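Hello,

Please find the structure below. Some notes on what was found in it follow.

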Amino acid sequence: MNEWQQFLSQLSQELGPEVVKKWVPGLIRFDAGNIYLEARDSFQISWFEEHVRPRLKGLLNHNQRPIKVHLVTDKSGIVKKEEPRALSFNPDPIDPEMTLENFVPEEPNLVVYRLLSEASPFNPIYLYGPKGAGKTHLLMGAAIALEKSGKRVFFVRAETFTEHVVQAIRLGQMQEFRKIYRDIDALIIDDINIFSRKTATQEEFFHTFNTLHTIGRLILISANVPPPQLHEVEPRLISRFEWGISLEVGKTSPLPILKKKAALWRMDLGEEIFKWLVEKFPKNPIQALQALALRSKGGPITTLIGERLLKDLLEKEAENALTPERIIKSVAAKYGITSEDILGKSQMRGVALPRQIAMYLCRERLKIAYQKIGDIFGRDHSTVMSSIKQIQKAVEEKEIDSLEFTIQ
């Protein structure tokens, strides 16, 4: 089937032929609108769903109709019901591209990068920073390096660890769970802040941590905040996270990362394309670059070609663009008031505080000038500055727990 072969060829350029050969299930059969692939196990299925499935959106047959890709577990073409993942307590798949060699170290992350690239005397190693800073890449890169050195590594996201604990308790498999999680050389857990309020998960991780640390096994974890700021996580766990070293992973410029990815995927791009991707796709320029790689036919790519190939993504980006109106609406919804209340004259705290937060978000997220914010909210320049300073102080002093609003 030409369309599938072309897709595999493009995927090989992006990920490398060895990765495709190892991880993409083999073709069993196909018809006009369906492809059936034979997966050898649930681990291969998980990797395919995470790394290949998102790239299949543009796969069309000769009639320009979408081709559906089905994963099966035997050559009869019948999908067998998978055992629940927690029954075998599998680790999460690791992206083979996420090596330390492919990480782009810059000033905010040099110390972290060097620490993970060498044998560290610290245990545990706790990485923290905002989403998109590269924590997962660093964890996966460390996992790959440790496995190459012969270590038995178990990498999971925090939600997977929680699923494993819950299933082990329900099915009476705690002995099996503990054997798997404690008979390893390194435990790596991503986004451990998800343990918040999960009592059983924290209890089991506490004992797992103690066992591994006592016998000298490496524990490498990440979160979005430093240990003391973890919300509703037991103090005894926080104290153990501070036994080793805590390092911040700061956000860096996306340009060097885009250039590294483009070179890895053998894309011929000029400087103007990288800047264009960052400008048009500020939240995830790498995802846009992946789409560009998949849809292009090779050769140099100009911004004009990029606009044509990514037309649908550009339209979606425009629909989801952050605006003062959307910020006001979202803040109002969070506090159970209306946009009209925020823009009105009421000085009641139930309205004044959301108004100040909305002003703060307009300044922080959209970088709007104070005068312009005043025009939007019907306030003078000095009132806007005072309101924003009050919220900044509240954030610094943790009087306001979170400003991570979901913008509707």
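Leaving aside its neighbours within four places in sequence, which residues is Phe-177 in contact with? They are Phe-89, Phe-161, His-164, Val-165, Ala-168, Glu-204 and Thr-208, where contact means heavy atoms within 4.5 Å.

Before the rest, two notes on the source. This is a predicted model, in which local features need pLDDT of at least 70 and side-chain atom pairs count only at pLDDT 80 or more, while totals for chains, interfaces and linings use all residues. Residues are numbered from 1 along each chain as its sequence is written, and side-chain values use heavy atoms, with hydrogens and water left out.

Phe-177 sits in helix H8; helices (H or I, at least four residues) and strands (E, at least two) are DSSP runs, numbered from the N terminus. Its relative accessibility is 0%, so Phe-177 counts as buried. Buried means under 20% relative accessible area, exposed over 50% and partly exposed in between, with a 1.4 Å probe and protein chains only. Phe-89 is 88 residues from Phe-177 in sequence, and the two are 7.0 Å apart in space, C-alpha to C-alpha.

Next, the sheet. Five strands form an open sheet with parallel pairing, in the order E5-E6-E7-E4-E8; two strands pair if DSSP finds at least two bridges between them. E5 and strand E8 (245-248) are at the edges with a single partner strand each, so one side of each has no neighbour in the sheet. From one strand to the next the twist averages 15 degrees. Angles here run from 0 to 180 degrees between N-to-C directions, and axes are lines fitted to C-alpha atoms, for helices over the stretch in contact.

Strand E5 (residues 153-157) is largely enclosed by the rest of the structure, because five of its five residues are buried. Val-153, Phe-155 and Arg-157 point one way from E5, and Phe-154 and Val-156 the other way. E5 is joined by five bridges to strand E6 (residues 186-190), and the two run parallel. One of the bridge partners is Leu-187 in E6, which is paired with Phe-154. Helix H7 lies across E5 and E6 and runs at about 95 degrees to E5. At E8, four bridges pair this strand with E4 in the parallel sense, and Tyr-128 has Glu-248 in E8 as its bridge partner.

The largest nonpolar core has 30 residues, and those with the most contacts inside it are Phe-161, Ile-189, Ile-192, Phe-205 and Phe-241. Such a core is a set of buried Ala, Val, Leu, Ile, Met, Phe, Trp, Tyr and Cys residues joined through side-chain atoms within 4.5 Å. Elements that each supply at least two residues of this core include strand E4 (125-128), E5, helix H7 (158-170) and helix H8 (174-182). A second, separate core of 26 residues includes Leu-115, Ile-125, Ala-142 and Ala-143.

Last, a helix pair. The axes of helix H16 (residues 324-334) and helix H18 (residues 349-366) come within 9 Å and cross at roughly 145 degrees. Among the H16 residues that meet H18 are Ile-327, Ile-328 and Val-331. The buried residues of H16 include Arg-326 and Ser-330. Helix H15 (311-319), helix H17 (339-343), H18 and helix H19 (370-377) are among what covers the buried residues of H16. After H16 comes Gly-336, with a positive phi near 70 degrees.

Regards
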